[in-house]
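This report describes a sheet and the aromatic contacts of one protein structure. Please consult the sequence and the coordinates alongside the text.

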Amino acid sequence: KEFLLKSGLSIEVGKNEIIDRFRERVMFPIHSFSGRILGFGGRALNPNAKAKYQNSPESIIYNKSKILYGIFFAKNAISKKDNCYIVEGYTDVISLYQKGIKNVVSASGTALSIDQVKLISRFTNNITILFDGDSAGIKASFRSVDLILKEGMNVKVVPFPENEDPDSYAKQNSTVELNSFLEKNAIDFITYKTKI
């Protein structure tokens, strides 16, 4: 019981009752840089669930601002391609990875942090932001651009068409079309901000 509660896998609801934090959810294990599982993201299967996503709380092994979802699987590709794509969610990472774009990570439900940017800088000095085209995505991209620039790194942004995100776009297009879209639409942050 102690470990179930400390790890955040369970929640205490009564004096002697604990429930599964991730009941009725699809699970996304969050790996450390070296491949150990530190926590989970869970997406609700029920469309009427109060929260679409439920994430592991911070614990002695899981510090959200210091880890990137997908970094364990992406680190070699990031070095090889000399670029890191940053997306917003778990499904964005998975859909791009399934299309052969493996140099992709996500801040997994939190705003991008300095520690996460520093983690990427171990493999490349180039970051491309792929955030949703809605107002929340635009605000998040502005904040992320500023953070990345403060760390002295190069940053580009790929704006997605309205009502599209990396997940939906990857599912609707072939690998060739997706790669072509990302290459043709990657713009420098000044052009991006000016256009907005």
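The model is predicted. By the ring-centre rule, it holds 10 aromatic pairs. In one of them, the rings of Tyr169 and Phe181 have centres 4.3 Å apart and planes at 35°, so the pair is tilted. Tyr169 belongs to helix α6 (residues 166–172) and Phe181 to helix α7 (residues 175–185), so this pair ties together parts that are 12 residues apart in sequence. Tyr169 is buried, at a relative accessible area of 14%, and Phe181 is likewise buried, at 12%; the cut-off for this class is under 20%.

Ring pairs also join Phe28, Tyr53, Tyr69 and Tyr90 into a cluster.

The ring of Phe33 has charged side-chain ends sitting over it, from Lys75 and from Arg122. The distances are listed below.

| Charged residue | Ring | Distance to ring centre |
|---|---|---|
| Lys75 | Phe33 | 4.2 Å |
| Arg122 | Phe33 | 4.4 Å |

The sheet is described next. Three strands make up an open, antiparallel sheet ordered β3-β4-β5. Its edges are β3 (25–31) and β5 (53–55), each of which pairs on one side only. On average, neighbouring strands are turned by 20° against each other, direction ignored. Seven bridges connect β3 with β4 (residues 37–44) in the antiparallel sense, and Val26 has Arg43 of β4 as its bridge partner. Helix α3 (residues 90–98) packs on this sheet and touches β3, β4 and β5. The direction of helix α3 makes about 75° with that of β3.

Methods
Residues numbered from 1 in each chain as written. Predicted model: local features only at pLDDT ≥ 70, side-chain atom pairs only at ≥ 80, totals over all residues. Heavy atoms only, no water. Pairing = 2+ DSSP bridges. Helix = DSSP H or I, 4+ residues; strand = E, 2+ residues; numbered from the N terminus. Axes fitted to C-alpha atoms, helices over the stretch in contact; angles between N-to-C directions. Contact = heavy atoms within 4.5 Å. Phe/Tyr/Trp six-rings, centres within 6.5 Å; stacked < 30°, edge-to-face > 60°. Buried < 20%, exposed > 50% of the residue type's maximum accessible area, 1.4 Å probe, protein only. Lys NZ or Arg CZ within 6 Å of the ring centre and 35° of its normal.
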